[in-house]
Amino acid sequence: MSVREMDARRLTDAVAKLYVQACLVLPEPVKAKLYAFGNPYIIENFERNGIIPLCQDTGMAAVYLEVGQDVHLTGDIPAAVDEGVRRAVKEGYLRSSIVADPLRRQNTGDNTPALLYTDLVPGDRVKVTVVPRGFGCENKARVAMLAPADGVEGVKAFVLETAKLAVPDACPPVSIGVGLGGSFDRAAYLAKKATLRDGPNPDPYYAQLESALYEQTKKFSFGVHILAAPTHIAGLPCAVSIGCHSLRYASEEL
Amino acid sequence: MEKHITTPLTDEAIKGLRAGDEVRITGVIYTARDAAHKKLCELLAAGQALPFDPAGQIIYYTGPTPAPPGRPIGSCGPTTSYRMDKYTPALLAAGIKGLIGKGRRGQAVLDAIRERTCVYFSAEGGCGALLANYVKSCRVVAFPELGTEAVHRLEVENFPVSVFCDCLGEIYSPYL
């Protein structure tokens, strides 16, 4: 079995490019949903793309690396990712919104560090995804450690309550991501990933639940997506993440 | 019907605005968000003057992205207002008359708006690229060490907002 060598500096180049791209140009599936929603200000905002960031909150840079197990990355991976963020902020005129400490609140001045997530996957490729998530919507996320007895009705009630608390403070229309199962932290991770999904859940049971929740939120939402995972006999973790209409992400496979 | 107002605001102009009205603002407005609010209120608590004359002025809750070459400002949409609630009554007491942001306010803010004949506007959230087109100039007037959170003096022309809370305390949002 051969191992593919890759210099971590390639991550820097990819993050620098993808972060700017994500802040300036919305992905096509998101545009299609916003055209359907029909708010003229929002449409005009994203149609003027490629010049300045669509939203002044260019976010914390969440960087997801899916690293093929047959790749050997040389160099310092977190440092390479942060260098990509630093370069994007400078070259793309992005905002520096990160403070080094949550209580002492000194701005780091270059929007680093990134929130770095790594997954090991089969193969010899590295997929880099940058998700600039602003805090207008991030502040509206919630996790409930429901009891198994709360069941699907408990989930629905918590999702709807969270969604109603989110608007109009977060920027509607919003993408509602629901993470079910796993643990406290896994549910939150899944909920945020779910906001980025396109199309219904492949499991008809969850597709139907998505559709029922969307019916009750479509005045201010352009989609409800659920990601479910195995969990413990004692628990029903339920997380809800809100993605604003500037639902920004960009990916590249190296 | 769109209404047009200029800054600084008069009580008469404010009384002509109702929740849900579409309004265009022309004149000078000042940006301030979380960190600047904290500093402005520390000045007030110490009995010191604010770095700009607050009489009749509007505070816009935004932290712009850096201006690229050839533009006065980068992206500059509204940030969520409720985080400023703790500080807002003191600023209204100091003479501020208008606020621009997005989302709900706490009861103490709504009460202060009504009691002092002020107005809270909502700008379209997440539309910072579009809103930048209505900004003609931008310069930092206080707290440059705060970066994007510094107080910026903006000259705006026909800046589009809607009235979220009018001086009678009535509120309107298409999403509520």
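This is a predicted model: local features need pLDDT of at least 70, side-chain atom pairs count only at pLDDT 80 or more; totals for chains, interfaces and linings use all residues.

Me: What makes H2(A) and H3(A) roughly antiparallel to each other?

Reply: The crossing angle is roughly 150 degrees, and angles over 145 count as roughly antiparallel. H2(A) and H3(A) therefore get that label. As for handedness, H2(A) passes H3(A) in a left-handed crossing.

Me: Which residues in H2(A) and H3(A) meet?

Reply: From H2(A) you have A:Lys31, A:Leu34 and A:Tyr35, and they meet A:Ile42, A:Ile43 and A:Phe46 in H3(A). Sorted by class, this contact has five nonpolar residues, one charged and no polar.

Me: Over to chain B. How do you know that its radius of gyration agrees with a compact globule?

Reply: Set the value against the rule: a compact globule with 176 residues would have a radius of gyration near 16 Å, and chain B has 15 Å, so the two agree. The C-alpha trace of chain B spans about 40 × 40 × 25 Å along its principal axes. Buried residues make up 48% of chain B, where buried takes 20 or more other C-beta atoms within 10 Å.

Me: What does the secondary structure of chain B come to?

Reply: Five helices and seven strands, running β-α-β-α-β-α-β-α-β-α-β-β from the N terminus on.

Me: And how many residues does the contact take from chain B and chain A?

Reply: It takes 29 residues from chain B and 29 from chain A. On the chain B side, those divide into 15 polar, eleven nonpolar and three charged.

Notes. Residues are numbered from 1 along each chain as its sequence is written. Chains are lettered from A and ligands numbered from 1 in the order in which they are written. Axes are lines fitted to C-alpha atoms, for helices over the stretch in contact, and angles run from 0 to 180 degrees between N-to-C directions. Helices (H or I, at least four residues) and strands (E, at least two) are DSSP runs, numbered from the N terminus. Angles under 35 degrees count as roughly parallel, over 145 as roughly antiparallel, 65 to 115 as roughly perpendicular and the rest as oblique. A crossing is left-handed if the near helix is turned anticlockwise from the far one by less than a right angle, and right-handed if clockwise. Two residues are in contact if their C-beta atoms, placed from the backbone, lie within 7 Å. Ala, Val, Leu, Ile, Met, Phe, Trp, Tyr, Cys and Pro count as nonpolar, Asp, Glu, Lys and Arg as charged, and the others, Gly among them, as polar. The radius of gyration is taken over C-alpha atoms; the globule rule is 2.2 Å times the number of residues to the power 0.38. A residue is buried if 20 or more other C-beta atoms lie within 10 Å of its own, exposed if 12 or fewer, and partly exposed in between; C-beta atoms are placed from the backbone.
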